[in-house]
Amino acid sequence: MKLLKEITTKLVSIALAATLTLGFLPTGALANEQAAAPSADEPVATQPADMAPVVQEPAAENPAAEPQDTVAPQGDKEPAKDAPEPAEEPEEEELVPLTQDVWAEWPSFRGNSYNNGIVHYDLPAAADEAQLLYALRLGSGWNNAVSTQLIVDNRLVFMSGMKIYKADLYTGAIVAEGDLSIAFNWGYTPFAYGEGKIFVSLSTGTIQAFDATSLESLWIYKDPLKGQSVSPVVYSDGYVYTGFWNSEKKDANYVCIKAEDEDRTKGDELKEATWSITNAGGYYWAGGLAVGNYLVFGGDDGVSEGSNASSTLRCVNKYTGDVVSTLSLGGMGDQRSAICYAPETGQIYFTTKAGYLCSAYFNAGSGSLSGLQSRNVWSGAMSTSTPVYYKGRLYFGIGAGYDGGSFCRFVVADASSLQTIASVQALGDVKASPLLSTATEESGYLCFYFTYNNNPGGISLAKVKNDCAGDEDIELVELYDAAAGPQYNIASVIATSGGVMYMKNDSGVIFAVGFTEEGRTAANQRHAEAFEQAVEDLFPITLESGDALAAVQSRAASLSAGVRELVSQQAFDRLDEAQAQYDALRGDYEAAQQFIEAVANLFPVTEESGNAIIAARAMADALTPSQRAYVPDGTMADLVRAENEYQALLVNDKQVKAVIQAVAKLFPVTLESGPAIQHVQEMLDALNVLQMEKVPESVIASYHEAQAQYAQLLADKVVAEAFEARVAALGDITLESGDAIAAAKEALAKLTDRQRSLVSDEAIATLTAARETYDQLVADKAAVDAFVTQVASIGKVTLESGPAIAAAEAARDGLTEAQLAKVSPGTLDILVGARASFNELQEGKAAVDAVAAMVNDLGVITLESGPAIEAAEKALAALTSVQYAMVPPDTLAALQRARKNYDALVAAEEQKKNPSAGGETKALENDTKVATNANDSEEGPEEVIYTASLGSAPKNGAAGESGEERSPLIWVIIAAACLFVFGGAGRMLVASSKNEDEEKEAK
């Protein structure tokens, strides 16, 4: 299946390339061009009338272009099949698109943010004025359709298959293309432009954003509930809005997505919804209205097809999704049109699938919806057409099938009462929203362009008289019969100021319909005649001619070159004359108004009014007769009255003057102003009624203001004094002062600027010093506590206590004098004692190590080992009790064995020197011989080795030869030798016992 997809995709590319090569597409394909917006003063290039329409043949079918999980749009004939997922494309080097705003002539479904499809430029107004400029066949039917279109960057933007395209407006040449991440639904969903990006609706709840210039993909949104993307996309103030649809009853979301491309290194960056609102039945063709901070949109009623249940109209905060207001559309069925807004009436207008035309008041400042009004337009009909509001009337379509029966009509209704004024039978169900061109209004009629859901699915034109009063005032014209691709049609018409209309139908073709050469000439002639008549209608010029004159001047500036050539020079001269007359009238009127305003500003007259009165008199004298005509007689009388009042003020009562001067001196008000204010009050109390009338109201107001300011100062002074008292109460700062200092700081922060200005610098300095002192106290305590903790952690001093003692001594040395003074003497003594104990342990270890070394150095004990053994015993005896406790038991045992062995050797040697009788002497000599030859081999049975090595013991040879028993004398000699030998060991044991007693006493 994957291989089949890849082959199919390749075939589509080859077919499109072949189409371009063979000339089926207009020239200039796939060139990255960017044209400027057409100027109002320059003619717009259109295709010559004698050029045959260009029709592109359909490309190969693309199975990936077929939408997923969808049903046919309302009005189509059969459901679509599920489409397979598109094949994965190989990874390419990522680009970094930088979006920039471009000119968008038709950026959204209805061409403007109010969803009111109105243009003021010329479009063909008769069948013989219109021709097909070109037809792009990029799809193959309603289920493999080409999309609706936008006009962005002076290009026609649309989708087909798995591509988004930009084409030349007047030739249809493809100039750029981009890749869709997934197929789109049916091609009837209007998409949108904003902030340099194009936002398109794709299948399974997908929205994809593209750079409007390069068509590079920027990001993708996938809705968790999925669904068909059939509601128009809305862009407003950095956010994108649209709704999805799953079925008549299933839930689907209306979502808000931030338009910003956060990660410019990824074209497939997945976005999250800023907010979403779930509705049973979802949102089908529910076009939102974004105004101010709010978004208004409808939705389906959540019940089966054919029933007229109640749907809901919502107004939400467009940034948060919070519901601000709702209206229940009781019994009106699904709401499936966009919401049209008329600021001049403050109302919104929409239709429902059950055939209702509705209006409601919408407060753009608060978001409230109210005053719902509805009317069933035609029994049995339905409507999905977005109304056009223009000058108190609504224009929209209705229908109930494909056959063009009586239900299928274009309707004119009164916007206030919603009553039908007139209607005309259409060629089929009018599901589309009409496009209004007002360019023919000066000729007595309006032109409405719309499509119908029936064959051949072309463009109908309803020419409605300006004062339409009945059906006879509407003329229906089949403007273009879609001969290049006849099929059913529910798409709306869009247009460019170049006079070209664009639409698509179920044939998979995009049609561009514009003027014939004769049609353009006829339109230009109509405009030229209407312009000349508008100029003449300006006369006679009055002050009320301003708006009309501005409108005609605007029309003159926007005349195309073709129209301008047909307008007589006399008309332009008459327009200049009208402007000159109006300017002269306006100049006279404005001069008069300036004088009138100057006189009005003289009152009330005061002693300071002299210069203003003199200037007003000079203006009166300078007025021309034409200017004087705009000045009421009462104004001249007011000037005289002001002059008289000023003269009277010059001889005014001195007491009144004194009050006025005293009030002026009150400012600026300070805490010392109390006596002065009281004095003014006394002066006022002394005036009589007539004198009080002469005191200007402004003076009285100033006096009251001074009183208020002084009262506020007194109140602020009380607050400032309370703060100073709080600071003074801090007293001597201790570790318990923290809360009081914090409360004082908080009180200071709450003071107003005026209150703070009344606080003495000394109080502020005191609070600052208190804070610093407290912080230092806290820091000192922390340092002392840390030192005490370090000393306590030393514990019992051992040879491993060195680092802990050194760290504690470093902490002590780092304390300031103030901190050291807060350390208890006992803690310092503990540290000193620990250091002394540690030093003593280290010194003792050296002495103990020396004794151990001497013992280890004894080696094999011989008769020459005596001095070494005695030296080791003296070194051991010289140890203190603490040091003696440190001597390893093995060392003591080794020294004791050395002494024992050595004494035995000496005894044996003595025995040799004083031999006794026979056998005993021989045995002793043998033993002595063994002892004096410690290095001999250990082969003889009588051999004994004496050594001081740790853990060794003497080995005795066998007793006697041939097992003979020794005589009693021999036993006596042996016993004497043992006493002699063990005498040294006894002395060692005594010494050891003595050392143990000393150690116990030390402990």
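These entries record what I looked up in a predicted model.

**Basis.** I worked from a predicted model, in which local features need pLDDT of at least 70 and side-chain atom pairs count only at pLDDT 80 or more, while totals for chains, interfaces and linings use all residues. Residues are numbered from 1 along each chain as its sequence is written, and side-chain values use heavy atoms, with hydrogens and water left out.

**Entry 1: helix 5.** I took helices (H or I, at least four residues) and strands (E, at least two) as DSSP runs, numbered from the N terminus. Helix 5 has 32 residues and spans 46 Å from its first C-alpha to its last. That is close to the expected 46 Å, the expected span being 1.5 Å times one less than the number of residues. I then listed its buried residues (under 20% relative accessible area, with exposed over 50% and partly exposed in between; 1.4 Å probe, protein chains only). Among them are Phe572, Leu575, Tyr582, Asp588 and Phe595. The buried residues of helix 5 pack against helices that include helix 2 (517-536), helix 3 and helix 8 (633-649), contact meaning heavy atoms within 4.5 Å.

**Entry 2: helix 3 against helix 5.** Helix 3 (residues 546-558) and helix 5 (residues 569-600) pack at about 145 degrees, with axes 11 Å apart. The axes are lines fitted to C-alpha atoms over the stretch in contact, and angles run from 0 to 180 degrees between N-to-C directions. Helix 3 contributes Gly546, Leu549, Val552, Gln553 and Ala556 to the contact, and helix 5 contributes Leu575, Ala578, Gln579 and Tyr582. I classed these as six nonpolar, three polar and no charged residues. Here Ala, Val, Leu, Ile, Met, Phe, Trp, Tyr, Cys and Pro count as nonpolar, Asp, Glu, Lys and Arg as charged, and the others, Gly among them, as polar.

**Entry 3: backbone exceptions.** Most residues other than glycine have a negative phi, and most peptide bonds are trans. I found a cis bond joining Phe539 and Pro540, with omega about -5 degrees; Pro540 sits in the loop between helix 2 and helix 3. The bond from Phe667 to Pro668 is also cis, with omega near 0 degrees.
Asp153 has a positive phi of about 60 degrees and lies in the loop between strand 5 (150-152) and strand 6 (155-160). Asp153 is buried, at 3% relative accessible area.

**Entry 4: cysteines.** I searched the whole structure for disulfides (cysteine sulfur pairs within 2.5 Å) and found zero. Cys256 is buried at a relative accessible area of 0%, and Cys340 is buried at 0%.
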